[in-house]
Amino acid sequence: MSEAATGAGLLTIDGVWKNFHGHSVLRGVDLEVRPHEVVSLIGASGSGKSTLLRCVNLLETVDDGAIFLDGQEITDPQVDVDGVRKRLGIVFQAFNLFPHMTVLDNITLAPRQVHKVARERAEEQAHELLTRFGLADKARAYPDQLSGGQQQRVAIIRALATQPRLMLLDEVTSALDPELVMEVLGIIRELKESGMTMILTTHEMGFCRDISDTVCFLHGGVLLEKGPADKIFTAPEHPRTREFLRGAL
Ligand code: ADP
Ligand code: MG
């Protein structure tokens, strides 16, 4: 186990490799995420950002290295995968709401079925979240009656409803029209203020700088540079990071 894996991180990624068809798309990634920390993954398309999040969520198995959540090795083949996923909230680029279910049912499904919360209590919590994020009047709406921004806010609320230890947000604004991006970024900002630990990938560099405690630059599956957001955006050390940011800003 490397030094990183002995720290007090909520999540520790230790020397993770991932190969697809003999091609390594993650090459020994180390990353420690502390409680309440917001970590952004940036890098060109294909650099491995989504794959890294998918490894944390156990949607991919790692080929080498290990991942620890609250000190438990979740990459252990014997791990209770559902038990791990219960502690994670995941939101992807595409809105994955169930189209035939109301907003309220979308949000209460996992708390009721996976976490065995009583319907009344689950709905009470869902209403609290909807109110907190300005969607109180949408509880009975179906996804197709909502704007893209509203749908993505519901997807984030749904992930929050199970009170995850860690939120994984993969390009959650990429499928949105520009005028809808802000409302989704607003909810992420509020989550940070509430102390939620998050790993996110984004192409919104202004937002990334604003919200992240730590920014990680991935290049060809290598975590080339990692540091405080202001440092990465004002004085990146690696020429590849500078080149990427010149193109991205
Ligand atoms: P990013 O999210 O940074 O755009 P990804 O993690 O999606 O990058 O992809 C990293 C690399 O891994 C890309 O070359 C991609 O084509 C490849 N890749 C991702 N998932 C798979 C898969 N299931 N099978 C084969 N190759 C994959
Ligand atoms: Mg991706």
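**Close-up 1. Packing of helix 3 against helix 4 in the predicted model**. Helix 3 (residues 103–113) and helix 4 (residues 119–132) pack at an angle of about 130°, and their axes lie 9 Å apart; helices here are DSSP runs of H or I with at least four residues, numbered from the N terminus, while axes are lines fitted to C-alpha atoms over the stretch in contact, with angles running from 0 to 180 degrees between N-to-C directions. The two helices are therefore oblique to each other, given that angles under 35 degrees count as roughly parallel, over 145 as roughly antiparallel, 65 to 115 as roughly perpendicular and the rest as oblique. Helix 3 passes helix 4 in a right-handed crossing, the near helix being turned clockwise from the far one by less than a right angle. On the helix 3 side, Leu104, Ile107, Thr108, Pro111 and Arg112 meet Arg119, Ala122, Glu123, Gln125, Ala126 and Leu129 of helix 4, where contact requires C-beta atoms, placed from the backbone, to lie within 7 Å. The residues of this contact divide into 6 nonpolar, 2 polar and 3 charged (Ala, Val, Leu, Ile, Met, Phe, Trp, Tyr, Cys and Pro count as nonpolar, Asp, Glu, Lys and Arg as charged, and the others, Gly among them, as polar).

**Close-up 2. Packing of helix 3 against helix 5**. The axes of helix 3 and helix 5 come within 8 Å and cross at roughly 30°, and the two helices are therefore roughly parallel to each other. Their crossing is right-handed. Val103, Asn106 and Ile107 in helix 3 meet Val154, Ile157 and Arg158 in helix 5, and the residues of this contact divide into 4 nonpolar, 1 polar and 1 charged.

**Close-up 3. Packing of helix 5 against helix 6**. Helix 5 (residues 148–160) and helix 6 (residues 178–193) have axes that come within 8 Å and cross at roughly 15°, which makes helix 5 roughly parallel to helix 6. The crossing of helix 5 and helix 6 is right-handed. Gly148, Gly149, Gln152, Arg153 and Ile156 of helix 5 make the contact with Leu180, Glu183, Val184 and Ile187 of helix 6, a set that divides into 4 nonpolar, 3 polar and 2 charged residues.

**Close-up 4. The shell around ligand 1**. Phe20, Val25, Gly43, Ser45, Gly46, Ser47, Gly48, Lys49, Ser50 and Thr51 are the residues around ligand 1, each with its C-beta atom, placed from the backbone, within 6 Å of the ligand. Helix 1 (residues 49–56) gives the most to this shell, with 3 residues. By class, the shell has 2 nonpolar, 7 polar and 1 charged residues.

**Numbering and cut-offs.** Residues are numbered from 1 along each chain as its sequence is written, and chains are lettered from A and ligands numbered from 1 in the order in which they are written.

Definitions and conventions
Predicted model: local features only at pLDDT ≥ 70, side-chain atom pairs only at ≥ 80, totals over all residues. Contact = placed C-beta atoms within 7 Å.
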